[in-house]
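Subject: Structure handover, aromatic rings

Hello,

Here is the structure I promised to pass on. Please open it first, then read the notes below it.

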Amino acid sequence: MTNNQLRAGENVRVRLTLYTAQTLDHVLIEDPFPAGCTVTERGTPEEIMETWGYWWASIDVRDHKIAFFATRLEPGKHIIEYNLKAQTPGTYNLLPTFLQPMYDPRTRVETASTQVRVE
């Protein structure tokens, strides 16, 4: 992907990098897909074992987003990767990714929204 532009049929590796300053319990991380793209798979088992380390408890893949559920996030850096495929040409708004402890509505972190173009 260059300057948020994709070609139809192109595979894209999405990497979410999370930094936490404190321990968070029962965390939901949601990453919406841009319209015109679909999730293909999360990676090979080897990639999961080496880079993901199974630090989340569950994953939910929908047509429009992917959600990760972590029982506990310790302070520090956490990385999630998954694969998308660009399909339908057009310009699409990409909604923010967000992180929120499910039982603490006072805390919520969002990224900025942006646009993605599929050619």
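Phe68 is buried, and Tyr82 is buried as well. Please keep in mind that this is a predicted model.

These two residues also form an aromatic pair: the ring centres of Phe68 and Tyr82 are 6.5 Å apart, with 40 degrees between the planes, and the pair is tilted. Phe68 lies in strand β6 (residues 65-73) and Tyr82 in strand β7, so their pair ties together parts that are 14 residues apart in sequence.

The count of aromatic pairs comes to two. In the other pair, Phe33 and Tyr82 have ring centres 6.0 Å apart and planes at 55 degrees, so this pair is tilted. The limits explain the word: planes under 30 degrees apart count as stacked and those over 60 as edge-to-face, with the rest called tilted. Phe33 sits in the loop between β3 (24-32) and β4 (37-41), while Tyr82 is in strand β7 (residues 76-86), so the pair ties together parts that are 49 residues apart in sequence. Phe33 is buried, like Tyr82. Through these ring pairs, Phe33, Phe68 and Tyr82 are linked into a cluster.

Strand β7 also holds His78. Is His78 buried or exposed? Its relative accessibility is 12%, and buried means under 20%, so His78 counts as buried. The His78 side chain reaches the backbone oxygen of Glu74 at 2.7 Å.

One more ring has a charged residue at its face: Arg108 lies over Phe98, at 3.9 Å from the ring centre.

Regards

Key: Residues are numbered from 1 along each chain as its sequence is written. This is a predicted model: local features need pLDDT of at least 70, side-chain atom pairs count only at pLDDT 80 or more; totals for chains, interfaces and linings use all residues. Side-chain values use heavy atoms; hydrogens and water are left out. Helices (H or I, at least four residues) and strands (E, at least two) are DSSP runs, numbered from the N terminus. Buried means under 20% relative accessible area, exposed over 50%, partly exposed in between (1.4 Å probe, protein chains only). A charge sits over a ring if NZ of Lys or CZ of Arg is within 6 Å of the ring centre and within 35 degrees of the ring normal. A polar contact is a pair of N or O atoms within 3.5 Å; within protein, one must be able to donate a hydrogen and the other to accept it, and residues adjacent in sequence count only if both atoms are side-chain atoms.
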